[in-house]
Amino acid sequence: MSEAKSETESASASVSADHTETPYLALLARGAPAGEYERPVLRARADGASPDRLAALDRAKYLALRVRAELEDRRRREAELSALFATAHDLAGLRDLDAVLQAIVERARSLLGTDVAYLTLHDPAAGDTYMRVTDGSVSARFQQLRLGMGEGLGGLVAQTARPYVTDDYFDDPRFQHTRAIDSGVRDEGLVAILGVPLKLGSRVIGVLFAADRRARVFERGQTALLASFAAHAAVAIDTANLLAETRSALAGLEAANEIVRDRSAVIERASDVHDRLTELVLHGGDVHDVAAAVAESLGGKVVFLEAGQCPAAAVDRSRAVAIRHEDGWYVAVSAGAELLGALVLYGHPALDPVDQRTLERAAMVTSLLQLASRQAGEAEQRVRGELLDDLLDAPGRDPRLLRERAARLRADLDTPHVVLAARVVAEEGHEGDDETGTVWPPPADHRQRLWSAASHLAATRHGLAAARDGGTVLLLPYDGRCSASEAARRAARQLGAAVPGGVTVGASTPVPAPAADPAAVADAYAEARRCLDVLQLLGRDGEGAAADDFGFVGLLLAEAGGGGGDRIGRFVARTIGPVVEYDARRGTALVPTLDAYFAGGMSPVRTKDALHVHVNTVAQRLDRVGRLLGPDWQTPSRTLEIQLALKLHRLATPTLAPTQPPAAGRRGHDGGSPARDRPRPG
């Protein structure tokens, strides 16, 4: 019976112990805070538990809190180990040094639970340490601090290579306080600071810190953890330095390799350009093909400038080598002393010597192509000139042969053509210096310019040109869209642009089909020359006109021959000179009145209608003409001379607009007052 009672009490105690530990196991399982572990005791006391049960609960609480503390410590250690492993992983991954140091500082701050963490590095040149990385810092002054060796907590750690910790930095006499350091620390609001050295071997390269803005005691375990992070940071810095040296060496090797590759590419490119330029020469390329080939090889934009477009300063220095001028590379294209133009490369601030040589070789090839093109053009010009000479000198040649020869020159002699005779305007003083000291080129040079311009015009218009009689003759297609006079004026402008002083051009009436009637070409040339002579006799050098512009006066002037220009001027001055001079001096309109008077059959009524003035005004003007020319000015012999002089005067000044006659009744319309100049009765 007693044995049964003992077993019952033992079983009851066991059940009671299990019942006592159960609530604490639940609290441990869910990671409850330490304050909740008092609740089971308070609840049992409130329920009136026995003293034994209350003692058992107190003992269970104590054991549970110990277990909880052990678990917390293990979790903390696990977190620290994880952070160290993560840092080691960062180092193994060779991340950027700034990123590794920043991660170390952030993890140290997180695991130690501090307000701020930061890292300083030693500056061998300055002999102090400077702030490298911070986390949690809010003060710009603090982030820019520099600590001398032995100054402040960090300076002491760097100097002694030992960790230091303080609960209250400003009240700790172990450190050498300076105004700059204390101001920065105070600005950041730091109180408790822990610092450990970063060492490579026995050499200190920096300090890692953890700090709080309140008083705090750092445990040994926390110091050891921060020292572990410092060791990782030192390894990271050392690895980064080695990596930087390795990268520098690799960069040097890569640069050397790049130079070798560039040189190989440049040489290969130069070889390719040389082959292409040779092919262009063999297949008759032009300067634009050369520019395109060089631009494709060197990159950028390549243009060819004619001799007249080239900057003198650049061309003079680039005859031997390519030179940099303004925004391009220039190299002259020349044949001996003659400048043909220049090649210009844009888009290259700097040019490799091999590429520079390529550009110079391209200029040489361009000069060869230019010379070849010039020779081909001169040969074609000679052929065109010979065909035109045959049309002028041998009118009996077979039309079929003439057509075949013209077809090879892309000319169609079965369509209407106009013959133009062109001559260089004689420049005053061409045999010596003019008043400005300029020496005019000799007439032969002018004629050569005219011949070149005429040949170019004939080639572009699919016509013919030849040097003849001290000038040039052209046979150009005539489409009828403009008159022969307009064709002559246009040719005078085009040819005159190439010759100093200008070019005078006379045109014939169109020839319907030169191949079918070569004799008509010779006649047309004679007509064009007569027109040219008339223009020169009238002093209209540098202009263009056709025979229809002059009428019968043209025949008279042409027959006058050389020296007629002076005689014409004297005849006009002798016949109507007083009237012309009166108009010029007084601003009147006596010459237009005479023109209208003779054009209206010497009728004052028709004259006033043509001039839109009153008949009395016409009478007054004619009376003034009579006083200037004499009373017999309306006799048949005198009127013929006056009309001829008026025609010559009008032809000699074709660009002058007709003088607007002054309104009737206004003073000065003919040099006198209306009352005085009114015709008298009888």
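Let me begin with K61, which sits in helix α3, residues 51-92; helices here are DSSP runs of H or I of at least four residues, strands are runs of E of at least two, and both are numbered from the N terminus. Is K61 buried or exposed? At 16% relative accessibility K61 counts as buried, where buried means under 20% relative accessible area, exposed over 50%, and partly exposed in between, with a 1.4 Å probe and protein chains only. Leaving aside residues up to four places away in sequence, K61 touches Y24, Y37, E38 and V41; contact means heavy atoms within 4.5 Å.

A word on the source. This is a predicted model, in which local features need pLDDT of at least 70 and side-chain atom pairs count only at pLDDT 80 or more, while totals for chains, interfaces and linings use all residues. Residues are numbered from 1 along each chain as its sequence is written, and side-chain values use heavy atoms, with hydrogens and water left out.

Turning to the chain as a whole, it contains 22 helices and 15 strands. Of its 682 residues, 42% count as buried. Among the contacts with a separation of 6 or more, 62% come from residues 24 or more positions apart.

Next, helix α14. It covers residues 484-496, has 13 residues, and reaches 18 Å from its first C-alpha to its last, close to the 18 Å expected at 1.5 Å a residue; the expected span is 1.5 Å times one less than the number of residues. Which residues of α14 are buried? They are A484, S485, A487, A488, A491, A492, L495 and G496. Seen down the axis of α14, these buried residues fall within an arc of 160°, so they line one face of the helix; the arc is that of the directions from the helix axis to the C-beta atoms. As background, an α-helix has 3.6 residues a turn, so residues three or four places apart point the same way.

I now come to helix α20, residues 615-629, and its two partners. The axes of α19, residues 604-611, and α20 come within 9 Å and cross at roughly 105°. Axes are lines fitted to C-alpha atoms, for helices over the stretch in contact, and angles run from 0 to 180 degrees between N-to-C directions. P604, T607, K608 and L611 in α19 meet V615, V618 and R621 in α20. By class, that contact has 4 nonpolar, 1 polar and 2 charged residues; Ala, Val, Leu, Ile, Met, Phe, Trp, Tyr, Cys and Pro count as nonpolar, Asp, Glu, Lys and Arg as charged, and the others, Gly among them, as polar.

From α18, L590, T593, L594 and Y597 take part; from α20, R621, L622, R624, V625 and L628. This contact divides into 6 nonpolar, 1 polar and 2 charged residues.

In the loop between α18 (590-599) and α19 we find S603, which is buried at a relative accessible area of 15%.

Finally, two backbone details. R410 has a phi near 60°, a positive value in a residue other than glycine, and counts as exposed at 52% relative accessibility. H462 also has a phi near 60°, and is partly exposed at 37%.
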